[in-house]
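Biologist: Please show me the model. I want to ask about the labels put on it.

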Amino acid sequence: MHTLNDEALSCNIEDSTELFVWIWVGVFLCMSVFGQHKEVEVVSGFSAICLKSGGREEVLGDKECCGELISIGEPVSHRKADSIAGKYGVWMQDPEAVAPYGGKMVWRIDTVGSEVRQLFGYEDMDQLSKGYPSKVLLLPEPVESTGATLYRGSLYYQRRRSRTLLRYDLASESIAARRDLPHAGFHGQFPYSWGGYTDVDLGVDEQGLWAVYSTNKAKGAIVVSQLDPHSLAVKRSWETSIRKNSVANAFVICGRLYTVASYTAPNTTINFMFDTATGQGKQVALPFRNKYRYNSMVDYNPAQRKLHAWDNFHIVSYDVRLGHQ
């Protein structure tokens, strides 16, 4: 068994001629990827272009490439919502999809209304852009705001007017778990600066499922907690130094919390980072664009290495670049 160039190119070699051929195949693949710096398709499993120290780019797996956020690309628009119900919303793709739905499936919730319960599914991004859902699910309990996320075949969301978190299993179309998020503010106690009852914001990164919220004890400062994706129990929590209502949104990448300064300014910044590995936070200034000037949702997808956002009726995404030390 021979392994070539860290690309998992392995085979059983029976003679030297075959070995010679495979060596040249390996060299060709490495030249194609590293020499030309082409983007690699990122799927659950995952590979990504990662910036290492000295500005050198390498193709690495998700764990190896985890690092600080270096830059965010320009927003790419995929679809505009059809009605006023879609002024705010959340759209998602499962980074670790399970049957019966694949990783290309796109899910969307329009969150304007008092009884938000419809979950729209699209076979892929192309069908989303055309507006042709292949699945419409009616959730058994209503959704609060734009803080939902998808992970391992389940939709995670906050029940309306409560601190209760729900795990909705897509395969069985039923609630698989529920649990109150301890002491979390809800229904306008500690929202993001744009309001919208955004007290609890759920997200996923390379390390799992997260909740971003605040409590009376934290006096409005952001608390970030890692959750057990099966039971919704809090595994560990960190209190930051930045007030939740002073920022427009937040997301977690590689165990680091990032906040967005403004939801309306066309040219704003990612203005704060908190590292759960060290328990330390710091001010940052990474350019970020709100193209349509009312960004109500920003979430990270670790399988795609993209940010998903909902900006004033518009479903958009952003490429991200991470620094690897």
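Modeller: Accessible areas come from the Shrake-Rupley method with a 1.4 Å probe; for residues, only the protein chains shown count as cover. The accessible surface of the protein chain comes to about 14800 Å². Carbon and sulfur atoms hold 50% of that surface. This is a predicted model: local features need pLDDT of at least 70, side-chain atom pairs count only at pLDDT 80 or more, and totals for chains, interfaces and linings use all residues. Residues are numbered from 1 along each chain as its sequence is written, and side-chain values use heavy atoms, with hydrogens and water left out.

Biologist: How many helices and strands does the protein chain have?

Modeller: The protein chain has 3 helices and 25 strands. Helices (H or I, at least four residues) and strands (E, at least two) are DSSP runs, numbered from the N terminus.

Biologist: What share of the residues of the protein chain counts as buried?

Modeller: Of its 325 residues, 51% do. Buried means under 20% relative accessible area, exposed over 50%, partly exposed in between (1.4 Å probe, protein chains only).

Biologist: Why is Glu144 called buried?

Modeller: Its relative accessible area is 2%. The limit is under 20%, so Glu144 is buried. Glu144 sits in the loop between β10 (135–138) and β11 (149–151).

Biologist: Which residues is Glu144 in contact with, leaving aside neighbours within four places in sequence?

Modeller: Contact means heavy atoms within 4.5 Å. By that rule Glu144 touches Gln158, Arg159, Arg160, Arg161, His187 and Tyr197. Glu144 and Arg159 are 15 residues apart in sequence, yet 5.6 Å apart in space, C-alpha to C-alpha.

Biologist: What lies 3.2 Å from a polar atom of the Glu144 side chain?

Modeller: The backbone nitrogen of Arg161. A polar contact is a pair of N or O atoms within 3.5 Å; within protein, one must be able to donate a hydrogen and the other to accept it, and residues adjacent in sequence count only if both atoms are side-chain atoms. The 3.2 Å pair of Glu144 and Arg161 falls within that limit.

Biologist: What makes β11 and β12 a pair?

Modeller: Two strands pair if DSSP finds at least two bridges between them. β11 and β12 (residues 154–158) have 3, in the antiparallel sense. Thr149 stands opposite Tyr156 in β12. The open sheet has 4 strands, in the order β11-β12-β13-β14, with antiparallel pairing. β11 and β14 (174–180) are its edge strands, since each pairs on one side only.

Biologist: How do you know that Cys66 and Cys254 form a disulfide?

Modeller: A disulfide is a pair of cysteine sulfur atoms within 2.5 Å. Here the S to S distance is 2.2 Å. The torsion about the S-S bond is about -85°, so the disulfide is left-handed. The pair links distant parts of the chain, 188 residues apart. The count comes to 1 disulfide.

Biologist: Are Cys66 and Cys254 buried or partly exposed?

Modeller: Cys66 has a relative accessible area of 22%, so Cys66 is partly exposed. Cys254 is at 5% and therefore counts as buried.

Biologist: Why does Thr268 count as buried?

Modeller: Thr268 has 10% relative accessibility, so the buried label applies. Thr268 is placed in strand β21 (residues 267–275). A polar atom of its side chain lies 3.2 Å from the backbone nitrogen of Ser262. Beyond four places in sequence, its contacts include Val260, Leu286 and Phe288.
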